[in-house]
Amino acid sequence: MIKAVPLALLAGGILLVIFGVAATNSASSDISRFFTGAPTEKAMWLLIGGIVASVVGLVGLLLRSKAN
């Protein structure tokens, strides 16, 4: 039960990264990249949020396993 929160963060982070990668390959992101040189803000926030959530979940799992 204690590992549920870090595991949920890790799983949610992985899903956000997957959605972020899909968003960077979308048509709107291609148009944004053409004019600004960068993908859309939505794609960037999905990737950043996914990476942060994954790292926090992974660290939480590793710390919980060392404490037990």
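A polar atom in the side chain of serine 54 sits 3.4 Å from the backbone nitrogen of isoleucine 14. Bear in mind that this is a predicted model. Serine 54 belongs to helix 3, which covers residues 41-67.

**Serine 54**
- The side chain of serine 54 also reaches the backbone oxygen of glycine 50, this time at 2.8 Å.
- Serine 54 has a relative accessibility of 14%, and buried means under 20%, so this residue counts as buried.
- If you skip the neighbours within four places in sequence, serine 54 is in contact with Leu9, Leu10, Gly13 and Ile14.

**Glycine 13**
- Glycine 13, one of the contacts of serine 54, is part of helix 1, made up of residues 4-24.
- Looking from the glycine's side, and again leaving out neighbours within four places in sequence, glycine 13 touches Gly50, Ala53 and Ser54.
- Glycine 13 is buried because its relative accessible area is 0%, and the cut-off for buried is under 20%.
- Now for a distance along the chain: glycine 13 and threonine 24 are eleven residues apart, and their C-alpha atoms are separated by 16 Å.

**Serine 29**
- For serine 29, head to helix 2, which takes in residues 27-36.
- Its relative accessibility is 0%, so serine 29 counts as buried.
- The side chain of serine 29 reaches out to the backbone oxygen of threonine 24, at 3.3 Å.
- Serine 29 and proline 39 are ten residues apart along the chain, yet their C-alpha atoms are separated by 4.8 Å.
- With neighbours within four places in sequence set aside, the contacts of serine 29 are Ala23, Thr24, Ala38, Pro39 and Thr40.

**Putting it together**
- Each serine has a side chain that reaches a backbone oxygen: that of glycine 50 for serine 54, and that of threonine 24 for serine 29.

Technical notes: Residues numbered from 1 in each chain as written. Predicted model: local features only at pLDDT ≥ 70, side-chain atom pairs only at ≥ 80, totals over all residues. Heavy atoms only, no water. Helix = DSSP H or I, 4+ residues; strand = E, 2+ residues; numbered from the N terminus. Buried < 20%, exposed > 50% of the residue type's maximum accessible area, 1.4 Å probe, protein only. Contact = heavy atoms within 4.5 Å. Polar contact = N/O pair within 3.5 Å; in protein donor to acceptor, adjacent residues only side chain to side chain.
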